[in-house]
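User: I would like to go through this model with you, one topic at a time. Could we start once it is on the screen?
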Amino acid sequence: MTIALNVAETHFRPASRIASVGVSTILEIGARAAAMKREGLPVIVLGAGEPDFDTPDNVKKAAKAAIERGETKYTPLDGTPELKSAIAEKFRRENSVDYALNEVTVATGAKQILFNAFMASIDPGDEVIIPTPFWTSYSDIVEICGGVPVLIPCDGAAGFRLMADQLEKAITPKTRWLLMNSPSNPSGAAYSEADYRPLLDVLLRHPHVWLMVDDMYEHIVYDGFEFVTPAAIEPRLKERILTVNGVSKAYAMTGWRIGYAGGPEPLIKAMAVIQSQATSCPSSIGQAAAVEALTGPQTFVGERRRSFQRRRDIVVSALNTIPGIACRTPQGAFYTFADCGGMIGRTAPNGKRIATDTAFADYLLETAHVAVVPGSAFGLSPYFRISYATGKTELREALRRIADACKMLS
Ligand SMILES: Cc1ncc(COP(=O)(O)O)c(C=O)c1O
């Protein structure tokens, strides 16, 4: 017997929860750059958000030893006791925050931590305040979880930092979370204790609003900046703070997929429910490697930070010599977020007008063969992000090409 199929029914129909969520612009640019490279073009990619350094040897050895010991099976749902202990100890040692083991959770990258947390806490229509520019995934994750991202522009003049009056105005009865990221991807702006204080005072007045802090770049800070996390600054808020972190950036372990968080037990438990039906547990080998990263020698973290600072200085000073581009000196992470407002309205040699930062990024890719990410991808224009997690020779060459391409705009 044949079954008559309605053609429309056989077509894939995406769920409404992803209707407004696109493929990451960063990944798209990366794919275009890769295709150009395959055609033989000398493309330099300054788009990727991962350290060019290798995972430290002691971490790799720990992973191999775990395999040899047979640690290749499922682990406890939200992290091995060894890794949870290492994380709790890290929070005490580096952040002066005490989390018990039942207040610690481990997931497949900090991205899954964010996902678990929003999935576990957001009902349709709940609002999440996100200072802008923001890491592109934040708003998409909130939307997939049924929430409403409330984007607050924090422009360069304010150091890309959220101000207390902006926060106060954005809070409504529907606000569930404020999501902070310091140092920030993409702006590199970081919040000192004095910067955080007025924001935390606002939150103290609004007990229904929780605070999620993404501390992923805590070790990549410059010029003696003292990293601090809100749960340490304001213990009265600790019961509604989720402190998110991971090993991806500090230990060059993006592919190992281990992220973690500390927070109040009821939230941590709810996040474990999501994880139990999504991934069961993070990778056993990745977790063994993360234990070594967090408990082993830390000297290379400082060495790499110094290396990133030298590259930051190269990029910032080169960008600021280009008429029409203005770049603030970031306090952390490995990105510059430069204002390209002076390029908007100019015309390329082929007659194309540079109308937006996206057009400017396209122009740099096509003409200079340098891949950067437009500010629009991070919710603030006209800017462009450079990731300087790239060797100095390549960086210098890329900046020379960017300067030449800018000169050709009239
Ligand atoms: C601010 C920020 N948070 C979280 C992540 C995700 O990290 P993970 O590799 O642990 O998922 C990234 C990655 O680019 C990031 O930039």
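User: What should the 16 residues of helix α14 span at 1.5 Å a residue, and how far apart are its end C-alpha atoms?
Analyst: Please note that this is a predicted model. Helix α14, residues 392-407, should span 22 Å, and its end C-alpha atoms lie 23 Å apart, which agrees.

User: Which residues of α14 are buried?
Analyst: The buried residues in α14 are Leu 395, Ala 398, Leu 399, Ile 402, Ala 405 and Cys 406. Around the axis they cover an arc of only 125 degrees, so they are on the same side of α14.

User: Why can residues three or four places apart point the same way?
Analyst: An α-helix has 3.6 residues a turn, so residues at that spacing point the same way.

User: Which residues are exposed on the other side of α14, then?
Analyst: Thr 393, Asp 404 and Lys 407 are exposed there.

User: And what covers the buried residues of α14?
Analyst: The cover includes β1 (44-45), α12 (299-320), α13 (357-368) and β10 (370-371).

User: Let us take α12 next. How far does α12 reach from its first C-alpha to its last?
Analyst: Helix α12 has 22 residues and reaches 32 Å, close to the 32 Å expected at 1.5 Å a residue.

User: Which of the α12 residues are buried, and which are exposed on the other side?
Analyst: Arg 304, Phe 308, Arg 311, Arg 312, Val 315, Ala 318 and Leu 319 are buried in α12. Seen down the axis, the buried residues of α12 fall within an arc of 140 degrees, so they line one face of the helix. On the other side of α12, the exposed residues are Thr 299, Gly 302, Glu 303, Arg 306, Arg 310 and Ser 317.

User: What covers the buried residues of α12?
Analyst: Elements including β9, β12 and α14 cover them.

User: You mention β9 and β12. In what order do the strands of that sheet run?
Analyst: The order is β9-β12-β11, an open sheet of three strands with antiparallel pairing. At the edges are β9 (335-339) and β11 (373-374), each of which pairs on one side only.

User: How many bridges join β9 and β12?
Analyst: Strand β9 pairs with β12, residues 383-387, over five bridges in the antiparallel sense.

User: Turning to the overall layout, how is the chain divided?
Analyst: The protein chain is divided into domain 1 (7-53 + 300-407) and domain 2 (73-295). The C-alpha centres of domain 1 and domain 2 lie 25 Å apart.

User: How many residues of each domain are in contact?
Analyst: There are 32 residues of domain 1 in contact with 30 residues of domain 2. On the side of domain 1 that touches domain 2, α2 (25-38), α12 and β9 are the elements that give two or more residues. The largest share of that side, five residues, comes from α12.

User: What does UniProt place at residues 43-402?
Analyst: The unreviewed UniProt entry places the feature "domain: Aminotransferase class I/classII large" at residues 43-402. Over residues 43-402 the chain is 39% helix and 15% strand, and the end C-alpha atoms are 12 Å apart.

User: Why is Glu 168 classed as partly exposed?
Analyst: Glu 168 has 14 other C-beta atoms within 10 Å, and a residue is called buried at 20 or more and exposed at 12 or fewer, so a count in between makes it partly exposed.

Key
Residues are numbered from 1 along each chain as its sequence is written. This is a predicted model: local features need pLDDT of at least 70, side-chain atom pairs count only at pLDDT 80 or more; totals for chains, interfaces and linings use all residues. UniProt positions are given in the numbering used here, feature names are shortened, and annotations may be inferred rather than shown by experiment. Helices (H or I, at least four residues) and strands (E, at least two) are DSSP runs, numbered from the N terminus. Two strands pair if DSSP finds at least two bridges between them. The expected span of a helix is 1.5 Å times one less than its number of residues. The arc is that of the directions from the helix axis to the C-beta atoms. Two residues are in contact if their C-beta atoms, placed from the backbone, lie within 7 Å. Domain bounds come from an automatic or database domain assignment.
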